[in-house]
Amino acid sequence: MRRRLRTAGVVAAAVLGLIASAMPASAQVGTGPWTAENPSFNVQERGCGTVDGLNFELTCSTGSGDQRAERRYVTYTGGTRQFEGSFRITSMAGTRISLKQTFRDAPTAGPYFMLAVERGGRLYAVHGGDTLGSGATVGTSVRVNTVHQVGSTHKVYINGSLKQTVSSSGGSYYDKFGAYRTASGAGPVKVTWSGIKFWRK
């Protein structure tokens, strides 16, 4: 009897697993249905930037030059894309470091959205200077979601709360995250990312 019950339990678990895998992927924010993605990426190390897995570091304090340690994901065009990831700053003697970017690839290449942090924990949008959050201090984990409907809107969520909505033009874009010195910033800084996920709809 016990053996039969145990076998029934294994079968039930397997059936539930099949049902769960067939269900649409659920994202942390925004309305679905979402489809999970696993886009490829390139690692970018420039200047004093180093990347080790999901650990990103700028070792120098220079306020000039291209200092970056980032992952650059593949370009997407059209539809709605969601990025999710959590960062934790492990040390920061510098300030004004970009952590997450949504970058325009075409028709005109250039930064479209940049989330940066100041020493002291203020999170802000580099373009426009809007404060998007606080408390991003050394040792604190912060979750970031961006939901980009190409040709419509780009939304930024911090720890699940909507912090910014701006309009978006059409074209091609890509996601980047890590540690990047802004024009007014400088290292050194160490940051670890985790829980990286992507969805589309």
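Visitor: Is Y73 buried or exposed?
Guide: The model is a predicted one, and the assignment rests on the computed relative accessible area. A residue counts as buried under 20%. For Y73 the value is 4%, so this residue is buried.

Visitor: How many aromatic pairs does the count come to?
Guide: Rings pair if their centres lie within 6.5 Å. By this rule, the number of aromatic pairs is 12.

Visitor: How many residues apart are Y73 and F177?
Guide: Y73 belongs to strand 5 (residues 68-73), whereas F177 belongs to strand 15 (residues 172-186). F177 is buried at 1% relative accessibility. The pair links distant parts of the chain, with a separation in residues of 104.

Visitor: Which kind of pair do the rings of F83 and W193 form?
Guide: The ring centres of F83 and W193 are 6.0 Å apart, with the planes at 65°. Planes over 60 degrees apart fall in the edge-to-face class. The pair of F83 and W193 is therefore edge-to-face.

Visitor: In which strand does W193 lie?
Guide: F83 is in strand 7 (residues 80-92), and its partner W193 is 110 residues apart from it. F83 is buried at 0% relative accessibility, and W193 is buried at 1%. The element holding W193 spans residues 189-200 and is strand 16.

Visitor: Which residue has its charged end over the ring of F41?
Guide: F41 belongs to a cluster linked by ring pairs, together with F56, Y73, F83, F87, F177, W193 and F198. Over the face of F83 lies K100, at 5.0 Å from the ring centre. Over the ring of F41, at 3.9 Å from its centre, sits the charged end of R71.

Visitor: How many residues apart are E37 and R81?
Guide: A search of the whole structure finds 10 salt bridges. One of them joins the side chains of E37 and R81, with an N to O distance of 3.5 Å. E37 is in strand 1 (residues 35-37) and R81 is in strand 7, so that the pair links distant parts of the chain, and the separation in residues is 44.

Visitor: Is E37 buried, exposed or partly exposed?
Guide: R81 counts as buried at 18% relative accessibility, since the limit for burial is under 20%. E37 has a relative accessible area of 28%, and is therefore partly exposed.

Visitor: Which residues do salt bridges with shared partners join into one network?
Guide: E70 forms a salt bridge with R68, the closest N and O atoms being 2.8 Å apart, and another with K176 at 3.2 Å. K176 lies in strand 15 and E70 in strand 5, so this pair ties together parts 106 residues apart in sequence. K176 is buried at 3% relative accessible area, and E70 is buried at 1%. The network joined through shared partners comprises R46, D66, R68, E70 and K176.

Definitions and conventions. Residues are numbered from 1 along each chain as its sequence is written. This is a predicted model: local features need pLDDT of at least 70, side-chain atom pairs count only at pLDDT 80 or more; totals for chains, interfaces and linings use all residues. Side-chain values use heavy atoms; hydrogens and water are left out. Rings of Phe, Tyr and Trp (its six-membered ring) pair if their centres lie within 6.5 Å; planes under 30 degrees apart count as stacked, over 60 as edge-to-face and the rest as tilted. Helices (H or I, at least four residues) and strands (E, at least two) are DSSP runs, numbered from the N terminus. Buried means under 20% relative accessible area, exposed over 50%, partly exposed in between (1.4 Å probe, protein chains only). A charge sits over a ring if NZ of Lys or CZ of Arg is within 6 Å of the ring centre and within 35 degrees of the ring normal. A salt bridge is a side-chain nitrogen of Lys or Arg within 4 Å of a carboxyl oxygen of Asp or Glu.
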